[in-house]
Amino acid sequence: MTRWRDPAKDPRQEPKSNLITAEGAERLRGILDHLSRVKRPALSTKVGEAAALGDRSENADYTYNKKELNRVIARIRYLTKRLDELTVVDRLPADTERVYFGAFVTLEDEGGEELAIRIVGHDETDTGKHWISVDAPLAKALLGKSLDDEAVVAAPGGETTYLITDIAYRDPQA
């Protein structure tokens, strides 16, 4: 049982944008293809072999593989539905001097430290690569800004001001 949350105040209920980069969509299609063509048939075979052994109530191999198969089927269903909903952004913006979806942005904070980020879709976020969602507060503060503009972002420790020092785009057609 989970804790009750007021739907009006629950951040998980906020609408997510349905944008994705061309390479992000290709990555999701690759995952879906792998799950459908490789992982699901292999797990189905394992479940069938474990079921053939007899008593399923005490068969750990059957139970584990059945749960894993159900998880894979749910992921396939989610990815299929999500890929239908997504809008692939496969071209550069008309004004590449401003920050838009898909931009690589270099920021400098008040302490002089640099932060390089990329603004991507919700399904592509990766903290290791510093790829942030277009729905994130920092991305929302940066959208539409140009070089040498300041962006003020509300953070848990107070407001932080960033200076945009570089904006770059990768050509999706390349």
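Here is a tour, one selection at a time.

This is a predicted model, where local features need pLDDT of at least 70, side-chain atom pairs count only at pLDDT 80 or more, and totals for chains, interfaces and linings use all residues. Residues are numbered from 1 along each chain as its sequence is written, and side-chain values use heavy atoms, with hydrogens and water left out.

**Stop 1: the annotated stretch.** Select residues 96-169, which an unreviewed UniProt entry lists as "domain: Transcription elongation factor GreA/GreB C-terminal". UniProt positions are given in the numbering used here, feature names are shortened, and annotations may be inferred rather than shown by experiment. Over this stretch the chain is 8% helix and 43% strand, and its end C-alpha atoms sit 7 Å apart. Helices (H or I, at least four residues) and strands (E, at least two) are DSSP runs, numbered from the N terminus.

**Stop 2: the sheet.** Zoom in on β4 and β5: they run parallel, joined by 3 bridges. Ile119 stands opposite Ile132 in β5.

**Stop 3: two loop residues.** Click His130, in the loop between β4 and β5. His130 isn't a glycine, yet it has a positive phi of about 65°. Then hop to the loop between α3 and β6 for Asp148, another non-glycine with a positive phi, about 70° here. Buried or exposed? Asp148 is exposed, at 55% relative accessible area, while His130 is partly exposed at 40%. The cut-offs: buried is under 20% relative accessible area, exposed is over 50%, and partly exposed is in between (1.4 Å probe, protein chains only).

**Stop 4: the cores.** A nonpolar core is a set of buried Ala, Val, Leu, Ile, Met, Phe, Trp, Tyr and Cys residues joined through side-chain atoms within 4.5 Å. The largest one has 19 residues; show Val99, Val105, Leu107, Leu138 and Leu142, which have the most contacts inside it. β3 (104-108), β4 (114-120), α3 (137-142), β6 (150-155) and β7 (158-168) each supply at least two of its residues. α3 gives the most, with 4.

Centre on Leu107: beyond its neighbours within four places in sequence, its contacts (heavy atoms within 4.5 Å) include Leu115, Leu138, Leu142 and Ile164.

How values were computed: Two strands pair if DSSP finds at least two bridges between them.
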